[in-house]
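Here is a short tour of one protein model, with an eye on its fold and its charged side chains. Take a moment with the sequence and the coordinates, and then read on.

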Amino acid sequence: RNGYSFDEPDCVKAERAEYRRINNSALTFITECMAKPEGAEYENMCTSGVAYRLYCAWCKDYENGYAKTDGEFKAELAKYLGVDGDGLVEHRKNGNSYRGLTVKKDTFDRYYGDRW
């Protein structure tokens with residue numbers, strides 16, 4: 001009667017989104033290890049290059065060394081933030097940073113030492 005087009009309950013959509021996040025190393029890193037910068041963190045945002053290196057180091061611990069390429073990581077981050085590629089990066093005096101997100105301090109400290 002519906003042309004074999006079925007409605008999908010919200011709980012199924014939520015489960016699919018969670019399954020996708022768990023099975024995508026970039027999304028897992030973004031949701032668990034990155035956050036919106038606040039206060040002094042905004043001034044100390046790590047550069048996009050450092051963020052990618054931290055993601056790769058994190059993948060060695062949690063993803064058996066498998067990490068997405070820099071381009072794939074940026075694409076996932078842009079999709080997560082709902083921006084196009086041009087709106088992803090913010091040019092700052094210490095280098096390019098991701099607009100609206102930075103690596104959490106505990107993750108930064110764990111993989112990058114005292115350079116915060």
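This is a predicted model: local features need pLDDT of at least 70, side-chain atom pairs count only at pLDDT 80 or more; totals for chains, interfaces and linings use all residues.

What percentage of the 116 residues in the protein is buried? Buried residues make up 33% of them, where buried stands for under 20% relative accessible area, exposed for over 50% and partly exposed for in between, with a 1.4 Å probe and protein chains only.

Residues are numbered from 1 along each chain as its sequence is written, and side-chain values use heavy atoms, with hydrogens and water left out.

**Overall fold**

The protein has 6 helices and 4 strands, arranged along the sequence as α-α-β-α-α-α-β-β-β-α. Helices (H or I, at least four residues) and strands (E, at least two) are DSSP runs, numbered from the N terminus. Along the principal axes, the C-alpha atoms occupy a box of roughly 60 × 30 × 25 Å. Of the contacts with a separation of 6 or more, 67% are between residues 24 or more positions apart; a contact is a pair with heavy atoms within 4.5 Å. The accessible surface is about 7600 Å², and carbon and sulfur atoms hold 48% of that surface (Shrake-Rupley method, 1.4 Å probe).

**Charges and salt bridges**

The protein carries 18 positive and 20 negative charges, and their mean positions are 2 Å apart. Here Lys and Arg count as positive and Asp and Glu as negative, with His and the chain ends not counted. Side chains of opposite charge can pair when their charged atoms come close. With a salt bridge taken as a side-chain nitrogen of Lys or Arg within 4 Å of a carboxyl oxygen of Asp or Glu, the count is 4. Among them are these:

| Salt bridge | Closest N and O atoms |
|---|---|
| Arg-110 with Asp-61 | 3.3 Å |
| Asp-70 with Lys-74 | 3.3 Å |
| Lys-105 with Asp-109 | 2.8 Å |

Asp-61 is partly exposed at 44% relative accessibility.

Asp-70 and Lys-74 share helix α5 (residues 70–81), 4 residues apart, about one turn of the helix. Asp-70 is partly exposed at 30%, and Lys-74 is also partly exposed, at 30%.

Back in helix α6, Lys-105 and Asp-109 lie 4 residues apart, about one turn of the helix. Lys-105 is partly exposed with 36% relative accessible area, and Asp-109 is partly exposed at 32%.

Technical notes:
The place of a charge is taken as NZ of Lys, CZ of Arg, CG of Asp or CD of Glu.
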